[in-house]
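Hi there,

Here is the structure I promised to pass along. Have a look at it first, and then read on for my notes.

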Amino acid sequence: MTATTLPRNPVTIQAEIDQLYPAFNNAQTAYRMATSDCLEENGICMRCRGKGTLLETHWEDGMGDIFRHYTPQIVKCTACDGRDDSAKVEELLADFHGEYERLYNEINALDNEAAISLRIEANPKGYRVRVTAKRAKVKHGTEGLCFWVGQTQYGFRVGFKTDAGETIWTDLDNVSPVWGA
Ligand SMILES: [Zn+2]
């Protein structure tokens, strides 16, 4: 297994997410402010954001007081009167939205990556593991490919095979996945 295929430490990934958050919050604020400024300056109302129509829900009496249901209904925006300016809105906000979306996607990808790493941490079968517990019976730092994870009468245990071919059995808590950079 080469270094490039190793999952990354969820702590490292979370630190990267934390670092992106201030820029993301700024981009989000800038986008929201630009939305109201641009739309107002261009005579497009915030109500429908240039789409001209709104989806509104109306309560309707069903069977007396027992059943009530509502029906979604498309109504024209009174301010825009059905004029569709959504293409213009997209054009006006492209720069702001681009940066906001880029950071959103970046954080989202890191979130997904962290979730995968956490799953590997909980069940490292098929991944390299290293003994990280100081008080484990197995020598600290011993590593190898995990081929088994399971629950026994002693709790969750792992089996892994060192590069020298030795098979090691230890508590799941004693090992950590070998994380990539
Ligand atoms: Zn409108």
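This is a predicted model: local features need pLDDT of at least 70, side-chain atom pairs count only at pLDDT 80 or more; totals for chains, interfaces and linings use all residues.

**The overall layout**

The chain has 181 residues, and 17% of them count as buried. Its secondary structure comprises 2 helices and 7 strands. Reading from the N terminus, the elements follow the pattern α-β-β-α-β-β-β-β-β. If we look at contacts between residues at least 6 apart in sequence, 57% of them join residues at least 24 apart.

**The sheet**

The 5 strands make an open sheet, ordered β6-β5-β4-β3-β7, with antiparallel pairing. Its edges are β6 (167-171) and β7 (175-177), each of which pairs on one side only. On average, neighbouring strands here are turned by 40° against each other, with direction ignored.

- β6 with β5: strand β5 covers residues 155-162 and pairs with β6 in the antiparallel sense over 5 bridges. These two strands form a hairpin with 4 residues between them, where Gly 165 takes a positive phi near 95°.
- β5 with β4: 8 bridges join this antiparallel pair. It is also a hairpin, with 2 residues between the strands. Leu 145 has Lys 161 in β5 as its bridge partner.
- β4 with β3: β3 (residues 128-131) and β4 (residues 143-152) run antiparallel and are joined by 3 bridges.
- Val 129 stands opposite Pro 177 in β7.

**A helix residue and its contacts**

Leu 103 lies in helix α2, which spans residues 86-122. Leaving aside residues up to four places away in sequence, Leu 103 touches Leu 20, Ala 23, Phe 24 and Ala 27. Leu 103 and Asn 25 are 78 residues apart along the sequence, yet the C-alpha to C-alpha distance between them is 9.3 Å.

**Two loop residues with positive phi**

Arg 49 has a positive phi of about 50°, although it is not a glycine. Arg 49 sits in the loop between α1 (10-41) and β1 (53-61). With 18 C-beta neighbours inside 10 Å, Arg 49 is partly exposed.

Asp 81, also not a glycine, has a positive phi near 50°. Asp 81 belongs to the loop between β2 (68-76) and α2. Why does Asp 81 count as exposed? Asp 81 has 9 other C-beta atoms within 10 Å, and the exposed class takes in residues with 12 or fewer.

That is everything I have for now. Happy exploring!

Best wishes

Conventions: Residues are numbered from 1 along each chain as its sequence is written. Two residues are in contact if their C-beta atoms, placed from the backbone, lie within 7 Å. Two strands pair if DSSP finds at least two bridges between them. Axes are lines fitted to C-alpha atoms, for helices over the stretch in contact, and angles run from 0 to 180 degrees between N-to-C directions. A residue is buried if 20 or more other C-beta atoms lie within 10 Å of its own, exposed if 12 or fewer, and partly exposed in between; C-beta atoms are placed from the backbone.
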